[in-house]
Amino acid sequence: MRIAVAGGNGAVGTHVVEVLHEQGHEAVVLSRHAGIDLTSDDASAATRLAEQLAGTDAVVDVLSVQTRSAKGSETFFRTTTSHLLAAEQAAGVGHHVALSIVGVGQAPYGYYAGKVTQEKLVEAGPVPWTILRATQFHEFATQIYGQITVGPLMLIPAMRSQPVAAREVAQRLVELAIGAPAGRVPDLGGPREERMVDMVRRYARTQHRRGPILQVPLPGGLGKAMRDGTLVPHGPTDHGVQTYQEWLAALG
């Protein structure tokens, strides 16, 4: 099959492309690195996108944007999703697979607000679809490492998490993409629940950091959702196999 990957150079997208190649499929990377800007309204950008989607069976959307702004996130996902769906419809693509986040419906704040917008567009769009919600990846702990410091202290948001390997998310996305559109499928979480501060502390040891690392409750709706378990799976859920500790060990 010929499958396009929007965000194919990203943290999950690179794994999706690898899995597609390993299984003998053709992967088409849709990213700025590949000359495709899905945020652009320029006619030439639309033409390049249409050319890449010609003969494509499915699109896997794993695009992401670095922002904590609800408005910025909503604008990004509204623009990119609208461009993708319109181009897919024109090209006759029969399946749109989107990666979302566990709990976004109950925590539509900040970055998550854009994912809610994305889901609504896909569900109401013209292309048959599948949406997979996954928990945070193991890499999330490394991304927030060192972001907030006060003198020698490193502060980590109080958060319950059930981290999953990005590779396992990619494998599930490929499995869904080569199948028939299935709507909302069971969530995908990791094998066990973890406290984010504990994950960061373990990562810090691999970086030989010895300063104190403390968890702090974030204010507002998102902070509450991070603490009260909204962002861990509830109901029908599939589970990855690799634990966070095993992932850390694999980093060497």
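## The big picture

Keep in mind that this is a predicted model.

## A strand tucked inside

Now look at strand β1, residues 2-6. Five of its five residues are buried, so β1 is largely enclosed by the rest of the structure. In a regular strand, side chains alternate between the two faces of the sheet. Here, both faces of β1 are covered: Arg2, Ala4 and Ala6 are buried on one side, and Ile3 and Val5 are buried on the other.

## Who pairs with β1?

β1 pairs in the parallel sense with strand β2 (residues 26-30), over five bridges. Val5 sits opposite Val29 of β2. To get from β1 to β2, the chain passes through helix α1 (residues 13-22), and this β-α-β crossover is right-handed.

Strand β3 (residues 58-61) also pairs with β1 in the parallel sense, over four bridges. There, Val5 has Val60 as its bridge partner.

Nonpolar side chains tend to be buried together in soluble globular proteins. In this model, the largest nonpolar core has 39 residues, and Leu30, Leu49, Leu84, Ile156, Met196 and Val200 have the most contacts inside it. Helix α7 (residues 196-206) gives the most to this core, with six residues.

Which residues does Leu84 touch, leaving aside its neighbours within four places in sequence? Its contacts include Ala6, Leu30, Leu49 and His96. A second, separate core has 25 residues, among them Val16, Ala170, Leu173 and Leu188.

Note on methods
Residues numbered from 1 in each chain as written. Predicted model: local features only at pLDDT ≥ 70, side-chain atom pairs only at ≥ 80, totals over all residues. Heavy atoms only, no water. Buried < 20%, exposed > 50% of the residue type's maximum accessible area, 1.4 Å probe, protein only. Helix = DSSP H or I, 4+ residues; strand = E, 2+ residues; numbered from the N terminus. Pairing = 2+ DSSP bridges. Right-handed = clockwise from strand over helix to strand, strands pointing away. Core = buried A, V, L, I, M, F, W, Y, C linked by side-chain atoms within 4.5 Å. Contact = heavy atoms within 4.5 Å.
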